[in-house]
Amino acid sequence: MSGSQQPQLLVAAPALCAQPRQRPSSSRLPRPSVLSLGVGPSPSKQGHPREMLAARKSTHRLHPLKPATLYMPAGVPNSPSRQRRHTLPASEFRCLTPEDATSVFEIEREAFVSVSGTCPLPLDEIRHFLTLCPELSLGWFVEGRLVAFIIGSLWDEERLTQESLTLHRPGGRMAHLHVLAVHRTFRQQGKGSVLLWRYLQHLGGLAAVRNAVLMCEGPLVPFYQKFGFRAVGPCAVTVGALTFTELQCSLRSLTCLRRNSGC
């Protein structure tokens, strides 16, 4: 069937019943049609044994129809089912943008307010960092939904200070990790470990960044040490009554960039 022909409906013509006394010439009887149905005349309507044999032989001579691809005539668009479907990727890692700030803040607020009573980054500071240095952030999206994120900025001193919480120093060689958070429905699944490993790999590809630094509470220190961070002492930064340990990591070391199988 050519590309411009329309598909025809294929049916089987019914066989005529044989007359008991006067049988017309076989040349005037319509031949049973098999075509796409793949069956011969009904056994109850078959005639003389010779006719049955002739019909069977004619069936053997027919080639079975094979499925063929139908093409729409020129100028007629394909149906929506034949068009390419655009779907969101199942899992995607990418740098965040200011448009992601609200989703980031919702995850952060739920993760930290219930524990410490405050967020590391208010919504306006999230937008501030995602505008100045989006390349120092990383979000994990599942089917278009943000499930985990890290936000960082550059720092140009050897140790963190109170100012490092709100400043981005473009000339700095140290990436300050402000916050890492995972959506509550995706916790206890190892997503924080995977995201941090990806983030450190991402930082290792930035020529201007040589080290990573963060501050955390004591119970979290072993978690970050598995990724190559080492404690450098108490952090000068305090938030209310909370105190922190400062940890640093060299991005040029293989320990930092190699995924720990125990994570």
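This is a short walk through one protein chain, from its overall layout to a few local details.

Good morning. One thing before we start: the model is predicted.

Let's begin with the layout. The chain has six helices and seven strands. Going along the sequence, their order is α-β-α-α-β-β-β-α-β-α-β-β-α. There are 263 residues in the chain, and 29% of them are buried.

Now the largest pocket. Its volume is about 1100 Å³. How many residues line the largest pocket? The count is 37. Nearest the centre of the pocket lie F112, V179, L180, L220 and Y224. Which elements give two or more residues to this lining? They are α2 (101-116), β4, α4, β5 (211-216) and α5 (221-225). β4 gives the most, with seven residues.

Next, the helix α4. It runs over residues 191-204. That makes 14 residues. From the first C-alpha to the last, α4 reaches 20 Å. That is close to the 20 Å expected at 1.5 Å a residue. Is α4 mostly covered or mostly open? Mostly covered: ten of its 14 residues are buried. Among them are K191, G192, W197 and L203.

H202 is also in α4. H202 counts as partly exposed, because its relative accessibility is 25% and buried means under 20%. Look across from there to L138. H202 and L138 are 64 residues apart along the chain. Their C-alpha atoms are separated by 8.6 Å.

Back to K191, one of the buried residues of α4. K191 lies over the face of W140. The distance from the ring centre is 5.2 Å.

On to the aromatic rings. The structure holds four aromatic pairs. Take F223 and Y224. Their ring centres are 5.0 Å apart, and their planes stand at 80 degrees. Why is this pair called edge-to-face? Because the planes are at 80 degrees, and the cut-off for edge-to-face is over 60. F223 is partly exposed, at 23% relative accessible area. Y224 is buried, at 11%. Remember Y224 from the pocket: it is one of the residues nearest the pocket centre. Ring pairs also link F223, Y224, F227 and F229 into a cluster.

Last topic: backbone angles. Most residues other than glycine have a negative phi.

Where is E143 found? In the loop between β2 (137-142) and β3 (145-155). E143 is exposed, with a relative accessible area of 58%.

The next stop is Q188. Its phi is positive too, about 60 degrees, and Q188 is not a glycine. Q188 lies in the loop between β4 (174-182) and α4. Is Q188 buried or exposed? Exposed, because its relative accessibility is 83% and the cut-off for exposed is over 50%.

To close, here is where to look. Then find K191 over the face of W140. Then follow the ring cluster of F223, Y224, F227 and F229. Finish at the loops that hold E143 and Q188. Thank you.

Technical notes:
Residues are numbered from 1 along each chain as its sequence is written. This is a predicted model: local features need pLDDT of at least 70, side-chain atom pairs count only at pLDDT 80 or more; totals for chains, interfaces and linings use all residues. Side-chain values use heavy atoms; hydrogens and water are left out. Helices (H or I, at least four residues) and strands (E, at least two) are DSSP runs, numbered from the N terminus. Buried means under 20% relative accessible area, exposed over 50%, partly exposed in between (1.4 Å probe, protein chains only). Rings of Phe, Tyr and Trp (its six-membered ring) pair if their centres lie within 6.5 Å; planes under 30 degrees apart count as stacked, over 60 as edge-to-face and the rest as tilted. A charge sits over a ring if NZ of Lys or CZ of Arg is within 6 Å of the ring centre and within 35 degrees of the ring normal. On a 1 Å grid over the protein atoms alone, a cavity is a set of points where a 1.4 Å probe fits but cannot get out, and a pocket is an open set with protein on both sides within 12 Å along at least five of seven lines; lining residues have an atom within 4 Å of a point. Grid points are joined across faces, edges and corners, and a volume is the space filled by probe spheres set on the points. The expected span of a helix is 1.5 Å times one less than its number of residues.
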